[in-house]
Amino acid sequence: MDVWQLVLVGLVMVLGLFGVLVPGVPGQAIVWAAVLWWALADTSDAAWVVLIGATVLLLLNQALRPLLPSRRRTRTGAPRRTLLMGGTTAIVAFFVVPVVGGILGFVGGIYGAERIRLGSHRDGWASTRTVMRTAGYPLLVELFACLLVVGAWLGALIWE
């Protein structure tokens, strides 16, 4: 697989990561399709291991989705940009501080957006807890699963 195809696969994965944040966009399916494209073009053992791992992880995430609360952002009173800020911060933080940064970035991004919107630490933290209980946990779980798949893909590229 040449460099331009790898760049396109990476861009599709980034599109899938941001697709998780937008309601109605199948972000997980986009990330998985990018891994499938890469594995079919690069027939190494590492590519197939990443594809199998991604398939298992994303199917497990789909199976566990009914156990999480539904993503009802409207019940929180927080604007959509709050979750977008949390998701964007999680994506960046996942690669700056591997793995743990995704969770810290998500909660920190939501807190930062709510602190700016509401103007005080107390109100911002209370709103962050409400957002996480009603809409944040399901979004974080789905985003984190996709981030792990993208991280495994990058790890396989670096390892080869």
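This is a predicted model: local features need pLDDT of at least 70, side-chain atom pairs count only at pLDDT 80 or more; totals for chains, interfaces and linings use all residues.

User: How confident is the predictor in the protein chain, and which elements have the lowest and the highest mean pLDDT?

Analyst: The protein chain averages a pLDDT of 90, and 96% of the residues score at least 70.

User: Why is glycine 102 called buried?

Analyst: The relative accessible area of glycine 102 is 0%. Buried means under 20%, and therefore glycine 102 is buried. Glycine 102 is placed in helix H5. Leaving aside neighbours within four places in sequence, its contacts are Ala90, Ala93, Phe94, Val97 and Leu140. The C-alpha atoms of glycine 102 and threonine 89 are separated by 7.7 Å, although these two residues are 13 residues apart along the chain.

User: What makes leucine 104 exposed?

Analyst: Leucine 104 is found in helix H5. Exposed means over 50% relative accessible area; leucine 104 has 57%, so it is exposed. Between its C-alpha atom and that of phenylalanine 94, 10 residues apart along the chain, the separation is 8.6 Å.

User: Why is serine 127 called buried?

Analyst: For serine 127 the relative accessible area is 10%. The limit for buried is under 20%, so serine 127 is buried. This serine 127 belongs to helix H6. With its neighbours within four places in sequence left aside, serine 127 is in contact with Glu114, Arg117 and Leu118.

User: Why is leucine 36 called partly exposed?

Analyst: Buried requires under 20% and exposed over 50%, with partly exposed in between. Leucine 36 has a relative accessible area of 26%, and is therefore partly exposed. Leucine 36 lies in helix H2. Its C-alpha atom and that of leucine 21, 15 residues apart along the chain, are separated by 22 Å.

User: What is the phi of valine 99, and why does valine 99 count as partly exposed?

Analyst: Valine 99 has a positive phi of about 65°, although it is not a glycine. Its place is in the loop between H4 and H5.

User: Which residues have the most contacts inside the largest nonpolar core, and which elements give two or more residues to it?

Analyst: The largest nonpolar core has 37 residues, and those with the most contacts inside it are Met13, Leu17, Val35, Trp38, Leu83, Phe106 and Leu143. The elements that give it two or more residues are helices H1 (3-21), H2 (27-41), H3 (45-64), H4 (80-96), H5 (100-118) and H6 (121-159). H6 gives the most, with 14 residues.

User: What does tryptophan 38 touch?

Analyst: Not counting residues up to four places away in sequence, tryptophan 38 touches Met1, Leu6, Val9, Ala46, Ala47, Val50, Trp153, Ala156 and Leu157.

User: How much space lies in the largest pocket, and what lines it?

Analyst: About 220 Å³ of space lies in the largest pocket. It is lined by 18 residues, of which Pro26, Gln28, Ala29, Gln62 and Glu142 lie nearest its centre. H1, H2 and H3 are the elements that give two or more residues to this lining. The lining residues divide into 9 nonpolar, 6 polar and 3 charged.

How values were computed. Residues are numbered from 1 along each chain as its sequence is written. Side-chain values use heavy atoms; hydrogens and water are left out. A nonpolar core is a set of buried Ala, Val, Leu, Ile, Met, Phe, Trp, Tyr and Cys residues joined through side-chain atoms within 4.5 Å. Buried means under 20% relative accessible area, exposed over 50%, partly exposed in between (1.4 Å probe, protein chains only). Helices (H or I, at least four residues) and strands (E, at least two) are DSSP runs, numbered from the N terminus. Contact means heavy atoms within 4.5 Å. On a 1 Å grid over the protein atoms alone, a cavity is a set of points where a 1.4 Å probe fits but cannot get out, and a pocket is an open set with protein on both sides within 12 Å along at least five of seven lines; lining residues have an atom within 4 Å of a point. Grid points are joined across faces, edges and corners, and a volume is the space filled by probe spheres set on the points. Ala, Val, Leu, Ile, Met, Phe, Trp, Tyr, Cys and Pro count as nonpolar, Asp, Glu, Lys and Arg as charged, and the others, Gly among them, as polar. pLDDT is the predictor's confidence in each residue, from 0 to 100.
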